[in-house]
Amino acid sequence: MSGQDGIGEAPTAEAIEAIARDVIARLPAAFVAHLGDVVLIVEEFADEETLAALGIAHPLDLTGLYHGRPVGEKSSMDSGGLPDRIHLYRRAILDEWVETGVRLDDLVAHVTIHEIGHHFGLSDDDMHALEDAVDMSPK
């Protein structure tokens, strides 16, 4: 990631997506089995409409978002709508990465698991437990 002078380029959307997909692959099988139809999208920022709907003033304040209905609230009558989506916002993630000094893979894992937690309707405590269950050490 760094050149000869020690200054490198910021991780791309593709690099963040690769980390997120690796996180998903490391989830317990029971979770992975219910994520097949969820679309993962990495964008630079959340759009103005999304920020306004959430009451967020600055795009760097939103690192990720789940769009959809939690698994427990789905019905066989649901059809024709958009697929559930997990959005990761690259610039906000990079800003938090620089500000906190947390390893990028750990930060992306945290955001990804938090949004997956919304897909399953998990509480914050359950999301933290799921995050603890995911081993992010190099394979």
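**Entry 1: R103 and its partners**

I looked up R103 and found a salt bridge to D105, with the closest N and O atoms 2.4 Å apart. I counted a salt bridge when a side-chain nitrogen of Lys or Arg lies within 4 Å of a carboxyl oxygen of Asp or Glu. This is a predicted model, so I used local features at pLDDT of at least 70 and side-chain atom pairs at pLDDT 80 or more, while totals for chains, interfaces and linings use all residues. Residues are numbered from 1 along each chain as its sequence is written, and side-chain values use heavy atoms, leaving out hydrogens and water.

I then found D106 in a salt bridge with R103, the closest N and O atoms being 3.6 Å apart. Side chains of opposite charge can pair when their charged atoms come close.

Next I checked exposure. I called a residue buried under 20% relative accessible area, exposed over 50%, and partly exposed in between (1.4 Å probe, protein chains only). R103 is partly exposed at 47%. D106 is partly exposed too, with 31%.

**Entry 2: a pair in helix α1**

By the salt-bridge rule I get a count of 5. One of them joins the side chains of R21 and E17, at 2.8 Å from N to O. I placed both residues in helix α1, residues 13-26. They sit 4 residues apart, about one turn of the helix. I took helices (H or I, at least four residues) and strands (E, at least two) as DSSP runs, numbered from the N terminus. R21 is partly exposed, at 43% relative accessible area. E17 is partly exposed at 25%.

**Entry 3: strand β3**

I moved to strand β3, residues 85-89. Is β3 mostly covered or mostly open? I found 5 of its 5 residues buried, so the strand is mostly covered. R85, H87 and Y89 point one way, and I86 and L88 point the other way. In a regular strand the side chains alternate between the two faces of the sheet.

**Entry 4: the sheet**

Which strands pair with β3? I counted two strands as paired if DSSP finds at least two bridges between them. Strand β1 (residues 39-43) runs parallel to β3, joined by 5 bridges. There I41 stands opposite H87. Strand β2 (residues 64-67) pairs with β3 in the antiparallel sense over 4 bridges. On that side H67 stands opposite R85.

I read the order as β1-β3-β2, an open sheet of 3 strands with mixed pairing. β1 and β2 stand at the edges with a single partner strand each, so one side of each has no neighbour in the sheet. The twist averages 20 degrees from one strand to the next. I took angles from 0 to 180 degrees between N-to-C directions, with axes fitted to C-alpha atoms, for helices over the stretch in contact.

**Entry 5: helices on the sheet**

I found α1 packed on the sheet, touching β1 and β3. Contact here means heavy atoms within 4.5 Å. The direction of α1 makes about 150 degrees with that of β1. Helix α5 (residues 104-120) also packs on the sheet, touching β2 and β3. I noted about 20 degrees between the directions of α5 and β2.
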